[in-house]
Amino acid sequence: MLRLMASLVACALTVATGTAFASDITKVRFGAYETHTRIVIESETPLDSRAFTLAEPVSRLVVSFDQAGWDVRELPNRQGEGDGLVGRFQFDGQAGAPRLVFALNEPSTVDHHFSLDPDGGGYRTVVDLVPVGSSTFQQVSGFPAESTNMAQFLVENAVVSAAPPACEAVRVVIDPGHGGRDPGALARFGGGDEADVNLAAGLVLRDILNATGRYEVIMTRDRDVYVDLYDRVEIARQAEADLFISLHADSAGTSTTPEGATVYSMNHRAVDRARSRAISQGDWVDSNRPEEVSRILVEMSLTNKESQSERFADALRTEVGRVNPLFRDTPMRANFAVLIDAEVPAVLFEMGFLTNRTDARRLNSATDRRRLMQSAAAAIDAHFAHCQGAESERYIAQNAASASSTR
């Protein structure tokens with residue numbers, strides 16, 4: 001849990017109502033200069049705002065508003081890419097105070113923060129950032145002094161979807177589904193049963209990730225043994241993992257038609273189960289803080305997990321779709337037991353159908369299986385791309401692409 005708390009930026013604790021604000025943000029633009037980076041936030045009416053940097057758990061700039069909505073038409077998902085000192089950013093209108101959260105590419109501080117009247121556009125909130133040393137950044141960063149109450153601090157200063165995955169000792173848990181007395185879907189066109197296929201794929205993915213030198217890989221099983229579903233979740237929790245990927249092969253019963261891969265993240269029922277499980281296990285209970293704060297921390301964790309899980313699921317669908325057909329190319333959510341931990345971002349990857357002759361051939365082919373796992377590794381690379389230096393080599397994705405010419 002300590003690792004999780006170090007990776008959370010914040011949480012969304014209320015449900016957006018869709019109410020229109022008079023002071024909608026209409027544009028966010030950047031100017032990257034040799035000495036500083038300028039952020040210009042345009043709005044329909046003047047905005048009252050505060051700007052401050054935070055050093056923990058990740059470096060970021062927060063610009064919060066007394067009241068604001070979002071109407072940036074080119075960014076309907078409320079997030080985008082910055083420039084200069086600023087990386088990705090996202091608007092959160094669900095927290096107690098609506099805010100924009102900007103990831104910082106290097107330690108920086110607010111040099112100027114002011115407002116300007118329209119000049120051919122909207123009203124402008126301007127923030128100038130300048131680079132500073134790490135020690136100075138630590139000294140000047142922090143939440144405003146008016147956040148005097150822990151519950152108030154959590155409610156008012158939380159945006160989870162802006163939190164990138166953790167970078168220090170990135171830990172990936174690979175979970176080959178089934179095993180031992182549980183073979184899973186049975187082979188129909190020769191080759192191994194689902195448990196065999198899952199394990200073979202998991203070992204290939206482990207070796208690919210280990211070869212990069214960028215990941216610490218943990219297997220829930222590395223041989224043909226049965227591991228209880230909740231023990232698999234516990235392995236990821238004990239490892240304080242940054243990502244959990246459960247590998248499976250699908251079955252369509254007597255039908256041989258369905259073909260292709262599907263990626264699942266947790267649905268609302270799974271979120272409810274994760275919440276109940278976290279509270280009942282007492283992991284979030286601390287006698288030194290109010291119960292309200294513990295419950296807020298659970299919501300922070302769940303919101304972060306949902307956001308990061310869906311983000312990785314999108315990347316995995318994209319990469320897999322480059323090399324194999326997708327049975328479902330849209331976001332899919334389910335109430336699978338291996339997804340219901342409250343902390344670790346997780347997906348369940350159905351790699352194909354053992355009840356489809358073509359899929360079964362791919363899943364039992366060492367060449368095709370490696371090609372598929374290279375695409376999964378490329379998605380993991382993409383998910384943790386912010387952890388890699390500019391000179392890091394993305395050869396996994398290149399290998400996955402080139403492999404298609406040798407099939």
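In which sense do strand β14 and β15 pair, and over how many bridges? I will come back to that after some background.

What you see is a predicted model, in which local features need pLDDT of at least 70 and side-chain atom pairs count only at pLDDT 80 or more, while totals for chains, interfaces and linings use all residues. Residues are numbered from 1 along each chain as its sequence is written, and side-chain values use heavy atoms, with hydrogens and water left out.

First, the overall picture. The protein chain has 10 helices and 16 strands; these are DSSP runs, H or I of at least four residues for helices and E of at least two for strands, numbered from the N terminus. Of its 407 residues, 50% are buried, meaning under 20% relative accessible area with a 1.4 Å probe, protein chains only. The chain exposes about 18,000 Å², and carbon and sulfur atoms supply 47% of that; the areas come from the Shrake-Rupley method with a 1.4 Å probe. Take the contacts (heavy atoms within 4.5 Å) between residues at least 6 apart in sequence: 72% of them join residues at least 24 apart.

Now the sheet with β14 and β15. This open sheet has 6 strands in the order β12-β11-β13-β16-β14-β15, and its pairing is mixed. Two strands count as paired if DSSP finds at least two bridges between them. β12 (216-219) and β15 (332-334) are the edge strands, each pairing on one side only. On average, neighbouring strands here are turned by 30° against each other, direction ignored. As for the opening question, β14 (residues 262-266) and β15 are parallel, with 3 bridges. Met266 has Ala334 in β15 as its bridge partner.

Helix α8 packs on this sheet, where it touches β13 and β16, and its direction makes about 115° with that of β16. Axes are lines fitted to C-alpha atoms, for helices over the stretch in contact, and angles run from 0 to 180 degrees between N-to-C directions.

Which residues of α8 are buried? In this helix, residues 357-364, they are Asp359, Ala360, Arg362 and Leu363. Seen down the axis of α8, the buried residues fall within an arc of 160°, so they line one face of the helix; the arc is that of the directions from the helix axis to the C-beta atoms. Their cover includes α4 (194-212), β13 (243-250), β16 (346-353) and α9 (366-383). At the N-terminal end, Asn356 caps α8, with a side-chain oxygen 3.0 Å from the backbone nitrogen of Thr358.

Next, strand β7, residues 86-92. Here 6 of the 7 residues are buried, so β7 is largely enclosed by the rest of the structure. β7 runs antiparallel to β6 (residues 79-81), joined by 3 bridges, with Glu81 opposite Arg88. The two strands form a hairpin with 4 residues between them, and Gly84 in the turn has a positive phi of about 60°. β7 also pairs with β8 (residues 99-104), antiparallel over 5 bridges, and there Asp92 stands opposite Arg99.

Last, another open sheet. Its 5 strands run in the order β5-β1-β2-β10-β9, with mixed pairing. Gly31 has Arg38 in β2 as its bridge partner.

Conventions
A polar contact is a pair of N or O atoms within 3.5 Å; within protein, one must be able to donate a hydrogen and the other to accept it, and residues adjacent in sequence count only if both atoms are side-chain atoms.
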